[in-house]
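Please study the sequence and the structure, then work through each solution in order.

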Amino acid sequence: SSLQVGPPAARADARMTSMRVAFVLSLLVSSAASFVDADFEAARRYPFTGYCAHPPNAQRKLLPGPVLEEELTGLSLTLVGVQVIFRHGARDLSKDHHCFEPRNEAFTRCKVSTLVSYSFGDEREEGTPLTKTVVDAYPSLHEVDGVPGCGEGVLLNESIPQTRAFAETFRKAYFPRLPKTPTLADTHMYSTDKERTMGTLFMLQNFLFQPGGSSDLVADTQQRKFRAPVFTRPLSGDPWDLHQYCPRVKGDLHARYYNDHEVVRRNFPEFAAAWQAAAGTKFQPAFKDCLLVAKCSDQEGLKLPSGLQPDSALFEEALKISLKLFQQKYTDDVEGMRLLAVPVLLELESFLKRQASGSGPLLALWATHDTTLIVLLVALGVWDGQWPPYMDSLVIEVYRRLGQTDGVGAFFRILHRGLPLRLPWCDGGDGGASAAGQPVGLCPVERFVPEYLEQFRDRDVLKAACAATNPFLKAKQTAAAEPSQVGVAAVLAAAAASVFAAMLLVALGLAGSSRRPGPGGCCLSLRRRSSLQRREPLLLASDC
């Protein structure tokens, strides 16, 4: 009877609000459930497949090419621009991980060196460039004794042939198909402000454009003198490094910081004991980096314990468990991942539209990280649960109708691992493949940003969503009960918790008010915002 207090109109508003809340809950749960599927289980069956990306076969296999010319002729389309979002090449440990006892990191094979040089105004400094040399890269091992090495997370020698193979494969596939052969002056370059992404981008443009990069592409004298800008942002606010303002997404999403050994002990106690016996440490999800770096570098800079060799069952189980925990980490809050992806998607869209109209660069190169690629794939609803290998990429192709110069009727296509992605929101949910004879994944340019993200073009709306705490999001499910299960129980538990939260709000009489005190002296704000999937009111709760 307490739920009937208040005038009839207020009770009706409360009932309507509770129905809308239930609707939003269903979207949240279905959104999370869509990621707990057989594809994720397949990824865990073969965890980190192709991660090492040994050149040149990996790059030749995974880099796609544009739509065949005869298909485009039938559609009266032509390729007018390409963007490439790519991960850096092979590196050493990205953090001072204490994976094993005893520690024995000694990375020295890193010839991709940073030369310290500066320019003043329009003139270049003529002095000899300085070579940046790092000492004490792993202080918990070497302490402060001046031991030189490669530094944390820097490119190893294999990144050189990886990047060369990537550049040669991409150039052969795309350069002949563009309106003209791209030059450095026709290219927009962006990199996060880290040595491994800057270094990979530098090598990539060198192999694409500079003399000696290939036998069939020779840059002219003007291009050799051209001083090309590479754009970046401070790391503390760079969305390409997942560091923009968004407190809604709690915790650092970079893999190296997932150091919770308790989640492993609670959910995989037998494995945790076996790891500690073999390695002398408590396993953390981030320790996958030690395993993969050692495997990919043939243990030249990092030796694995005898019980953790790459062909051992414990090595394989560690990768499976790590991948499972990371899958849950990146899909527990799908809407949060979408919020993080919005600035990047809008920046890509801006260049895509300029390419479609002929006013933008023919080529755009974006150097970033594995975790950024994962967030983008999750936000777009197309992540298969597998971890991006070295030099992994998303390729965005832009096609324009023959005779058009204003971008009207232009299309785009996104490719990953050599295949076009079927985008769930494009052309009725079939990924742009409904039209007879139309290539899979081909979508109108104006539909690049999914409908459920359109509202976040308004920066104030995006900031409000990032600052809000959604009371209906499921608590992070750190691990399923068994390594082999797909985590359906986690989704059901999330649904039950969300429904209980909604019922509690309605029972407290909060759902019917626009702003009233909540439990613990907080206020819940009800704002009319489009939901992330449909145009329904979205409840945003803010602490006060």
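**Exercise 1.** Does Phe-412 count as buried or exposed?

*Solution.* The model is predicted: local features need pLDDT of at least 70, side-chain atom pairs count only at pLDDT 80 or more, and totals for chains, interfaces and linings use all residues. Residues are numbered from 1 along each chain as its sequence is written, and side-chain values use heavy atoms, with hydrogens and water left out.

Step 1. Buried means under 20% relative accessible area, exposed over 50%, and partly exposed in between, with a 1.4 Å probe and protein chains only.
Step 2. Phe-412 has 0% relative accessibility and therefore counts as buried.

**Exercise 2.** Classify the ring pair of Phe-326 and Trp-387.

*Solution.* Step 1. Rings of Phe, Tyr and Trp (its six-membered ring) pair if their centres lie within 6.5 Å; planes under 30 degrees apart count as stacked, over 60 as edge-to-face and the rest as tilted. The whole structure holds 23 aromatic pairs.
Step 1. The centres of Phe-326 and Trp-387 are 5.1 Å apart and the planes stand at 65°, so this pair is edge-to-face.
Step 2. Phe-326 is buried, at 0% relative accessible area, and Trp-387 is buried at 0% as well.

**Exercise 3.** Which residue lies over the face of Tyr-452?

*Solution.* Step 1. A charge sits over a ring if NZ of Lys or CZ of Arg is within 6 Å of the ring centre and within 35 degrees of the ring normal.
Step 1. Arg-338 lies over Tyr-452, at 4.1 Å from the ring centre.
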